[in-house]
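Please open the model in your viewer and keep the selection panel at hand.

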Amino acid sequence: MNKKRFYITTTLPYVNAAPHVGFALEIVQADAIARYHRELLGEEVFFNTGTDEHGLKIYQKAIEEGKDPQAYTDEYAAKFDHLKQALNLSYDNFIRTTDSYHVAAAQEFWKRCAAHGDIEKKIYKTKYCVGCELEKTDSELEDGRCSIHPNMDIQTVEEENYFFKFSNSQSALLELYARNPDFVIPPSRLGEIRKFIEGGIQDFSVSRLKRKMPWGVPVPGDPEHVMYVWFDALVNYVSALGWPEDTKKFEAFWGTKELPNAIQIAGKDNLRQQSAMWQAMLISAGLPPSRHILIHGFIISGGQKMSKSLGNVIDPFEIVERYGTDALRYYLLREVPTFEDGDFTIERFAEAYRANLVNGLGNSVSRIVKMAVLSGVDTMYEADFAHDPAFAAFKEYMDRFELKKAADGIWERIGNLDKKIDETKPFKLVRENPGAAKKILRELIEEIWKIDYMLKSFLPETSKKIEAILKHPETIVPLFPRIDA
RNA sequence: GCCGGGGUAGCUCAGUUGGUUAGAGCGUCUCACUCAUAAAGAGAAGGUUCGUGGGUUCGAUUCCCACCCCCGGUACCA
């Protein structure tokens with residue numbers, strides 16, 4: 001019997017700005033889930049992330065900086081390593097949408113959709129502001145006028161584009177949702193997308209004229225066009241697995257129509273692309289749908305969106321530099337609701353750090369290990385955690401991707417350590433009844449091992465530190481230093 | 001405008017079949033202890049009773065209606 005395969009992928013951040021804490025949330029959530037499946041469940045995990053590197057904005061940005069677009073994206077992709085280190089990420093694959101195998105896969109995907117009759121040429125009407133000399137989207141216009149040049153009429157520009165026949169998929173999508181009530185998690189987001197699809201859907205354009213915007217994947221059989229960045233970028237979730245060449249690997253991780261296996265995680269702004277458009281593309285290409293689309297919220301700061309002008313932007317690198325990787329991971333995984341918007345301010349962060357990591361986890365480990373050393377209690381432990389009832393509860397939450405609730409359970413156990421010490425007072429008891437005190441301390445040590453085990457997915461570095469301490473208890477140092485605000 | 005989510009202690013939030021004195025964590029105050037990172041524990045205060053106004057009901061934070069406020073989306077920005 002083969003090991004169970006597990007696949008999870010983040011969305012690919014678009015590389016026109018430095019990674020911010022919002023993407024950090026997504027990739028840390030994915031990392032915790034991946035580690036859980038890899039290390040605690042022993043599954044064979046494929047954890048994918050990468051960068052989305054085509055499209056107009058990147059093209060413009062590169063030109064702006066006087067660079068070749070490929071060189072610009074190369075630089076950015078290299079920077080991603082900083083994020084990997086800063087957040088201690090365990091992804092197995094890093095895809096760049098400019099990788100040649102991805103480009104080839106995107107073209108094959110296109111051909112399959114075309115063969116299925118879902119791609120056709122149509123006239124695409126764009127709105128064009130002569131003042132800006134730019135095309136505008138409807139949402140950029142106010143009352144049908146450009147907000148920068150309200151005295152000028154918006155012109156309609158027509159060009160030939162390829163369209164994906166999204167409208168063909170309406171019933172198939174609704175059926176997918178009906179068959180899988182947990183297709184999108186949380187369920188409220190499934191309701192949202194279902195309602196959107198029920199309301200009727202329009203075809204969307206999937207190509208751009210190459211002479212206007214050359215930075216994209218060439219459309220097969222038509223040198224005039226490149227793929228619109230959406231289409232190409234979404235294909236990464238399967239090209240990362242070697243599709244279309246490596247059908248074995250693809251099937252093992254992506255799953256089959258009967259047993260889809262792919263977990264995707266995305267922000268709520270990506271609900272439509274991931275749970276509807278991409279699924280429609282998969283259906284068209286004859287591939288299995290995803291298994292779950294996990295939708296997380298946004299990180300806001302002080303009740304407002306982060307923005308440079310408000311000065312409330314949280315830089316993940318700064319936090320890590322000051323408090324350490326696991327402090328940030330802790331905050332993102334437990335202090336932010338898993339599926340809803342969460343607030344992130346330095347004040348709240350510092351408070352959570354002190355209360356739960358310094359005073360909570362760190363101090364509990366210190367006092368127990370110190371007592372164990374003073375009383376000569378063995379700090380090694382080998383156990384089958386799988387049969388621990390509390391671990392079963394933890395597992396249940398993790399299997400439902402309820403990361404915060406799972407973490408809450410761990411911290412409840414940490415709190416119980418202190419409660420037990422206070423009730424039994426082993427530090428006092430050791431003078432009257434050393435045997436009884438040792439027995440209690442031994443139980444506390446075992447409990448730390450179990451907590452440590454559950455912590456592996458969330459705080460991998462801390463988990464290693466705890467193990468090192470338990471192996472060499474005489475060398476104990478604080479897990480989380482006090483940091484003055 | 002429309003669609004979705006939300007308005008419960010200072011803060012962050014639980015509260016799914018409507019039922020006695022509405023909960024947790026953090027923060028605050030008091031007390032106690034000393035094994036620990038000047039830390040951990042216990043107790044207490046804190047909600048004009050759960051956005052506002054109606055309604056259904058013996059009884060509603062929980063159901064219905066209207067309204068107010070906040071947030072997101074409103075499709076080619078990836």
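Begin by selecting Ser-207, which stands opposite Met-227 in E13. This is a predicted model, in which local features need pLDDT of at least 70 and side-chain atom pairs count only at pLDDT 80 or more, while totals for chains, interfaces and linings use all residues; side-chain values use heavy atoms, without hydrogens and water. Residues are numbered from 1 along each chain as its sequence is written, and chains are lettered from A and ligands numbered from 1 in the order in which they are written.

Strands here are DSSP runs of E with at least two residues, and helices are runs of H or I with at least four, both numbered from the N terminus. Two strands count as paired if DSSP finds at least two bridges between them.

Pro-218 is placed opposite Val-226 in E13. Which residue in the turn of the E12–E13 hairpin has a positive phi? Gly-221 does, at about 75 degrees, and the hairpin has two residues between its strands.

Viewed together, the three strands form an open sheet in the order E11-E13-E12, with antiparallel pairing. Strand E11 (207–209) and strand E12 (218–219) are at the edges with a single partner strand each, so one side of each has no neighbour in the sheet.

Now display helix H4 (residues 100–115), which lies across E11, E12 and E13 and runs at about 105 degrees to E13. Such angles, from 0 to 180 degrees, are taken between N-to-C directions of axes fitted to C-alpha atoms, for helices over the stretch in contact. Contact means heavy atoms within 4.5 Å.

**The six-stranded sheet**

Move to the open sheet of six strands with the order E3-E2-E1-E14-E15-E9 and parallel pairing. Its edge strands, E3 (93–96) and E9 (184–185), each pair on one side only.

Select strand E14 (residues 262–267) and strand E15 (residues 292–296), which are paired in parallel over five bridges. Here Ile-263 has His-292 in E15 as its bridge partner. Helix H10 (residues 271–285) packs on this sheet, touching E9, E14 and E15, and its direction makes about 140 degrees with that of E14.

Helix H1 (residues 21–40) lies across strand E1 (5–9), strand E2 (44–51), E14 and E15, at about 165 degrees to E2.

**The two domains**

Colour chain A by domain 1 (5–296) and domain 2 (345–475), with bounds from an automatic or database domain assignment. Their contact takes 13 residues from domain 1 and 13 residues from domain 2.

The area buried between the domains is about 1200 Å², with 73% from carbon and sulfur atoms; buried area is the accessible area (1.4 Å probe) that two parts lose on being put together, summed over both. Select Ala-32, Tyr-36 and Leu-40: they supply 47% of the area that domain 1 buries against domain 2, more than any other three residues.
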